[in-house]
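Welcome! Take a moment to look through the report below with the model open beside you.

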Amino acid sequence: MRAPVSWIREYADLPADLSTDELARKLTALGLKLESLERPGAAITGPLVIGRVMTMESEPQKNGKTINWCTVDVGDANGTGDPQGIVCGAHNFAPGDLVVVVLPGGVLPGPPGSDGVEISARKTYGHVSAGMICSARELGLGDDHTGIIVLEPGSGEPGEDARPVLGFGEEVIEFEINPDRAYALSLRGVAREAAMGFHTSYTDPCRREVPAANGDGYPVRVEDAEGCPVFVARTVTGFDPRSPSPEWLRTRVRLAGMRPISLAVDVTNYVMLETGRPIHGYDSDKLQGAIVVRRAAPGERLTTLDGVDRELSTEDLVVCDDSGAIGLGGVMGGETTEMSDRTSTVVIEAAHWDPVSMFRTGKRHRLTSEAGKRNERGVDPTICQVAADRVAELLTTYGGGTVSPGVTVVGSPPSPSAITLPVGLSARVAGLPIADADVVSNLRAIGAEVSGVETLSVTPPPWRPDLRDPYDLVEEVVRIVGYDRVPSVIPVPPVGRGLTREQRLRRRIGRTLAGLGCVEVVSFPFVGDETFDALGLQADDVLRHAVRLSNPLSSEKPLYATTLLPGVLDAAARNLGRGATGVALFETGTVAFPTNRGAAPVYGVEWRPTEAELQKLFDAIPAQPLLLAAVLAGERERDGWWGDGRAADWTDAIEIVRGLASELGVDLEVRQTSRMPWHPSRCALVCIGDQEIGHAGELHPRVCRAYGLPRGSAVLEIDLDALMARTVEIPPAPIVSHQPLAKEDVALVVDATVPSSEVERALRAGAGELLESIRLFDVFTGPQIGDGKKSLAFALRFRAPDRTLTEAETGAARDAAVAAASSAVGAVQR
Amino acid sequence: MSGPNTDYDPVEVTALQAEQVTAMRDEALAAFAAAGDLAELKQARLDHAGDRSPLALANREIGALPPQARKEAGQRVGQARGAVSKALADRTAVLEAEAEERMLVEETVDVTLPVVRRPRGARHPLTLMSEYIADLFVAMGWEVAEGPVLEAEWLNFDALNLGPDHPARTMQDTFWTEPADDHLVLRTHTSPVQARTMLERTPPIYVICPGRVFRTDPFDATHSPMFHQVEGLVVDEGITMAHLKGSLDHFAARMFGEGITTRFRPSYFPFTEPSAEVDMVCFVCRGEVGAVDECRTCKGEGWIEWGGCGVVNPRVLAACGIDADRYRGFAFGMGIDRSFMFRSGAGDMRALFEGDVRFASAFGTDW
């Protein structure tokens with residue numbers, strides 16, 4: 001909402017010396033937030049004058065543009081009195097028009113952030129152009145750059161300063177208006193707040209004597225009184241559609257951010273800005289029969305003023321005549337009855353519409369309009385007659401003709417119901433002493449009727465449909481007292497329990513991954529079929545079964561992620577593309593898997609749903625497990641003066657998984673498997689006991705190519721919820737024996753296909769409880785071992801808790817271990 | 001060594017004369033002192049302290065002396081030998097120390113050589129910021145509450161007094177899932193965690209809820225379809241707006257420095273009433289005269305918009321089954337990304353979600 005300060009002052013008797021900054025600050029503190037403060041023309045210096053176009057010659061140019069070579073009468077403003085030669089690229093004017101000219105030496109604002117553009121006489125398109133004919137945008141008057149400003153005839157004489165005509169010297173406050181304060185989408189409302197803020201008198205522009213309803217007005221029938229509780233129609237006849245709007249009105253409309261168009265349009269906009277009540281005008285000659293308000297019929301269509309042919313919903317409120325729908329009530333008029341420059345009889349509609357219906361229609365048809373914005377937030381229903389009368393007055397004042405005596409009023413405004421407010425509630429909510437008298441006076445200041453003492457009965461004013469509950473009134477009282485008076489007191493909660501175990505574990509997982517050299521990334525969880533194709537997933541892969549968004553940002557990525565791998569792979573490729581020689585990334589985050597347990601119910605809000613209802617709600621929400629994904633690509637250890645580095649490979653992925661499990665005290669098992677997007681022969685299935693929690697290994701070469709990653713890149717993805725569930729809070733303390741260590745190394749030959757983990761498991765089982773640790777330290781293949789065989793060398797370490805082990809004891813334990821490996825996997829000691 | 005020679009004439013054993021012994025000792029000491037390195041000292045040791053050295057030979061002669069002379073000669077030779085061994089040990093220590101000294105010099109390296117065999121990892125600054133915020137509330141006794149990102153429409157909107165036709169729903173551009181009648185959304189704010197918390201716990205409730213949220217915004221320097229919010233919720237007896245102000249003042253001071261306070265401006269959120277926007281004192285110019293007009297951070301306002309807050313609307317308490325006559329609550333919500341950008345001076349939101357390691361690595365693993 002853009003409010004010219006002089007317009008505010010017309011209704012609020014503000015102190016003459018009050019600065020606009022102060023005014024804006026006060027209104028901001030009251031809840032009308034200052035968005036920007038504009039002083040149109042303040043950045044323009046030098047000669048800015050009214051000019052009259054004398055001649056214009058169209059000259060097509062080689063670059064395809066056509067320019068106009070104009071001579072413009074600028075009076076004596078150029079010092080010579082001779083016509084000024086100016087090249088102009090716009091075409092929306094003709095000789096005789098009054099235009100705004102900046103003469104050489106003048107400075108225009110220029111683009112935002114610039115210091116301004118100084119105008120000088122310069123050679124262009126074969127002429128010396130001495131100045132510029134200005135558009136609204138060039139003057140900082142908004143974004144309109146479709147043509148230059150053409151002033152109304154009689155706006156002034158050539159050579160006169162153009163500033164007063166343009167409204168320069170005015171100040172405009174642009175407010176951000178919250179949806180509950182629709183009343184502030186009018187000068188009436190803004191000025192009321194200003195007067196309240198400075199405790200000065202206020203003149204309500206809607207206080208106006210209006211003629212009583214009679215049966216002589218344009219016939220109107222409202223078939224849906226709920227959707228349209230009030231419909232007022234007035235008629236102006238003999239109106240001259242070519243009459244210009246007075247310059248003051250055009251200026252105000254322009255300063256308020258709307259484009260002056262014609263007297264009829266400007267007046268309806270002006271009255272909407274003044275009162276908050278949207279008005280619609282019909283060309284009476286085009287109306288066929290009585291106006292009817294009803295819901296649209298199935299399949300009914302309407303071409304709205306924006307030229308769009310729309311199929312209507314049976315929930316849409318339409319204004320009709322005998323020809324059918326002629327407007328979307330309260331939202332936008334139709335083309336067939338649009339006022340034109342031949343309209344001489346105008347039917348003025350000022351109607352009150354159901355805000356919910358307005359909201360739905362606007363949303364359904366993706367229509368936003370100044371009228372719709374106000375109607376869906378709620379307008380004072382009592383001012384329809386006032387607004388219509390005001391429009392009729394302005395139209396006849398400036399466009400001639402007469403206001404017909406007929407006054408049609410259908411329906412009556414709903415009356416607001418009283419709210420019961422304990423007088424002390426405001427103070428109790430604010431934590432601030434507020435005198436009972438102040439509660440009452442503040443509520444009266446916003447226009448409410450207040451009665452009662454301890455328990456107040458408060459009837460909100462008709463322009464405040466947002467006030468429904470006691471707490472709504474509390475906000476009014478406290479904002480007028482001043483939010484800045486609320487003291488600062490730290491509440492004292494009961495003893496807290498700190499972070500949950502899972503919250504602590506998540507932090508620990510992040511730190512562990514970082515400690516393993518990985519950098520955390522945060523990616524968008526949006527994927528699509530192409531993402532899954534790049535990962536090489538089969539058509540029936542479970543990961544392709546994803547939650548679909550109905551309004552994705554990109555049609556290529558309409559699905560919510562089921563895996564974090566795409567995000568880390570993209571980020572890895574991006575890093576390498578930016579010159580990194582190697583990258584190790586991780587991400588933790590939730591993914592989603594659709595449930596098949598039905599839709600999420602939408603309950604009422606009057607009371608808490610039952611436990612069973614809540615369970616149904618929670619069950620319908622997709623499972624969203626927390627995953628960890630990591631990728632290692634390119635250099636893992638760097639080359640340097642110390643020697644060679646090392647590229648990341650499948651072992652890094654498995655080392656990270658094992659490192660994490662070890663940090664969390666979880667015993668992992670790793671099994672050989674195949675699963676896209678991993679290399680089919682280099683993929684580890686990561687398990688805890690029998691529970692599969694993820695995969696780690698080398699990325700499939702095809703996937704590496706798809707993402708532009710080096711072959712051999714390593715990736716892992718595991719389910720952290722499952723991992724965390726298997727951790728113990730504090731593990732039992734180990735017994736640290738001080739007895740001497742006994743070492744035994746064994747080399748075992750097994751079939752190449754036997755997983756080392758199985759050999760190790762057998763050795764461990766056979767070695768018995770004297771075994772302290774076991775470590776595979778060498779893998780050897782070669783002719784000495786034989787085809788299809790491999791030799792695994794393990795270091796076994798034995799120790800007893802209470803004595804020095806004898807050679808015989810350790811020897812026996814070693815032999816038992818080897819025997820176990822032999823029987824389990826056919827191992828032969830070398 | 002020969003056995004005792006009782007017929008031996010001591011007078012003839014000149015080697016055991018005092019002057020002779022002293023001379024042998026002094027020669028040994030001189031030789032040790034003269035040894036310039038451990039090799040020379042080794043030779044000197046063989047010459048003067050070895051089995052064939054004069055003092056060793058002299059020692060051997062003691063047994064040949066008449067018993068009455070043995071004691072004195074023994075003492076004399078013993079003392080000399082003792083002095084020699086000590087001198088040898090001392091000289092050895094000195095020369096070893098010198099040798100080690102030389103070796104250590106020879107082992108000189110250029111410690112300015114860069115050593116980064118494996119670059120270190122880092123956690124994402126938004127993770128760290130979320131934890132930092134959580135910790136400062138946990139320190140006050142609050143707890144951290146969480147909820148899912150894919151959320152029921154009822155929890156994201158209705159339970160928060162945002163009915164299906166509430167104009168405020170258009171303020172938030174929501175990602176909906178298909179089919180629409182599943183009534184699921186990507187949560188547009190962390191506020192559904194408020195509702196969940198009130199549904200699952202009984203007052204007193206003091207929780208902080210950091211989390212990821214989504215709006216259908218394009219991805220550019222100042223917008224992102226995904227960002228992070230932190231929600232605070234308190235429900236207890238006797239809660240007032242003053243408690244809200246106190247909590248936010250504390251929060252602001254811990255985040256942005258002592259002296260950074262907040263101010264409230266009336267605003268509108270369906271789930272709070274009264275509602276307020278929270279501004280904080282600009283942490284750069286602190287609104288100080290002279291500095292504020294030049295300040296680029298707050299654009300000369302002295303205040304920075306930080307978030308929204310208010311008293312929990314009694315309608316929300318009712319939908320969550322909390323006795324609104326007995327309990328009152330407050331809630332607030334801030335952007336974590338925005339707060340982090342303020343703190344770090346990061347100017348482009350895209351840097352947060354691109355995954356460039358150079359960005360996250362600047363922030364380490366914990367704050």
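## An open sheet in chain A

In this predicted model, chain A holds an open sheet of 4 strands, in the order β40-β41-β39-β42, with antiparallel pairing. Strands here are DSSP runs of E with at least two residues, helices are runs of H or I with at least four, and both are numbered from the N terminus. Two strands pair if DSSP finds at least two bridges between them. In general, strands of a sheet pair through backbone hydrogen bonds, either parallel or antiparallel.

Which strands stand at the edges? They are β40 (771–780) and β42 (828–829) of chain A; each has a single partner strand, so one side of each is left without a neighbour in the sheet. Strand β39 (residues 742–751) of chain A runs antiparallel to β42(A), and 2 bridges join them. Val749(A) has Val828(A) in β42(A) as its bridge partner.

## Two helices across the sheet

Helix α20 (residues 756–767) of chain A lies across β39, β40 and β41 (789–798) of chain A, at about 35° to β41(A). Helix α21 (residues 807–825) of chain A lies across β39, β41 and β42 of chain A, at about 15° to β39(A). For these angles, axes are lines fitted to C-alpha atoms (for helices, over the stretch in contact), and the angle between N-to-C directions runs from 0 to 180 degrees.

## Where chain A meets chain B

Now to the two chains together. Contact (heavy atoms within 4.5 Å) takes in 101 residues from chain A and 105 residues from chain B. About 8800 Å² is buried between them, and carbon and sulfur atoms give 59% of that. Buried area is the accessible area (1.4 Å probe) that two parts lose on being put together, summed over both. Tyr483(A), Val522(A) and Phe524(A) supply 8% of the area that chain A buries against chain B, more than any other three residues.

How many salt bridges are there between chain A and chain B? The count is 9, where a salt bridge is a side-chain nitrogen of Lys or Arg within 4 Å of a carboxyl oxygen of Asp or Glu. One salt bridge joins the side chains of Asp469(A) and Arg315(B), at 2.5 Å from N to O.

## How to read the values

Residues are numbered from 1 along each chain as its sequence is written, while chains are lettered from A and ligands numbered from 1 in the order in which they are written. Local features need pLDDT of at least 70, side-chain atom pairs count only at pLDDT 80 or more, and totals for chains, interfaces and linings use all residues, while side-chain values use heavy atoms, leaving out hydrogens and water.
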